[in-house]
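Trainee: Before I use this model, I want to know what stands behind each label. Can we go through them one at a time?

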Amino acid sequence: MKYIKDTAEGWLLDDYFAYIESCEEMDSATRAFAIDRSRYDLSSRGSLHDAWLDSLSLTEDASGSRHQIRPLGAILEFLGPHHDRRFRFTYSGVKKYLLAGNAPSNGHGDLLMHEFSLDERELITHEMIFSSGSSLLLVFERLKLEEQLIEQAE
């Protein structure tokens with residue numbers, strides 16, 4: 001991660017939030033999510049910290065007379081850390097993706113931290129680190145974010 005630092009005292013986020021504040025080129029929905037401190041707060045119900053990755057899908061929405069136009073997309077779905085909501089991230093215009101680490105036998109584990117940034121072409125980067133040691137990186141043009149509360153049985 002470029003701006004968020006993992007230290008013995010915990011995650012340092014001040015440089016990251018200062019950076020995101022300066023990212024006026026980032027689309028407003030992604031920037032609003034990225035700058036919301038509750039999305040990183042270890043105790044917030046809306047945080048992604050400790051969320052579990054439920055699914056990862058890569059898409060190629062073919063178009064054109066011979067289906068030769070195949071823009072790459074990705075969909076990530078997470079169960080929230082308090083198991084009371086689901087997050088769905090739909091990435092379009094994906095230019096790069098990288099899932100690194102050994103295939104975990106019991107899932108990727110908790111999402112420890114995530115970071116948005118802009119690359120030199122002003123594409124958005126979303127980097128995630130999981131407790132299993134695996135990591136996921138996406139470089140893309142647009143992001144649609146959805147958060148849905150789960151009905152709790154009484």
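This is a predicted model: local features need pLDDT of at least 70, side-chain atom pairs count only at pLDDT 80 or more; totals for chains, interfaces and linings use all residues.

Mentor: Start with helix H2, residues 28-35, where Thr30, Phe33 and Ala34 are buried. Buried means under 20% relative accessible area, exposed means over 50%, and partly exposed lies in between (1.4 Å probe, protein chains only). Helices (H or I, at least four residues) and strands (E, at least two) are DSSP runs, numbered from the N terminus.

Trainee: What makes the buried residues of H2 line one face of the helix?

Mentor: Seen down the axis of H2, they fall within an arc of 95°, so they line one face. The arc is taken from the directions from the helix axis to the C-beta atoms. An α-helix has 3.6 residues a turn, so residues three or four places apart point the same way.

Trainee: Why is the pair aspartate 36 and arginine 39 called a salt bridge?

Mentor: The definition asks for a side-chain nitrogen of Lys or Arg within 4 Å of a carboxyl oxygen of Asp or Glu. This pair has 3.7 Å, N to O, so it qualifies.

Trainee: Is arginine 39 buried or exposed?

Mentor: Arginine 39 has 13% relative accessibility, so it counts as buried. Aspartate 36 has 28%, so it is partly exposed.

Trainee: How do you know that arginine 88 and glutamate 77 form a salt bridge?

Mentor: Their N to O distance is 2.2 Å, so the pair meets the cut-off. Arginine 88 lies in strand S5 and glutamate 77 in strand S4 (residues 72-79), so the pair ties together parts that are 11 residues apart in sequence.

Trainee: What is the distance for glutamate 141 and lysine 95?

Mentor: Their salt bridge has 3.3 Å, N to O. The pair ties together parts that are 46 residues apart in sequence. Lysine 95 has a relative accessible area of 49%, so it is partly exposed.

Trainee: How many salt bridges does the structure hold?

Mentor: It holds 12.

Terms used. Residues are numbered from 1 along each chain as its sequence is written. Side-chain values use heavy atoms; hydrogens and water are left out.
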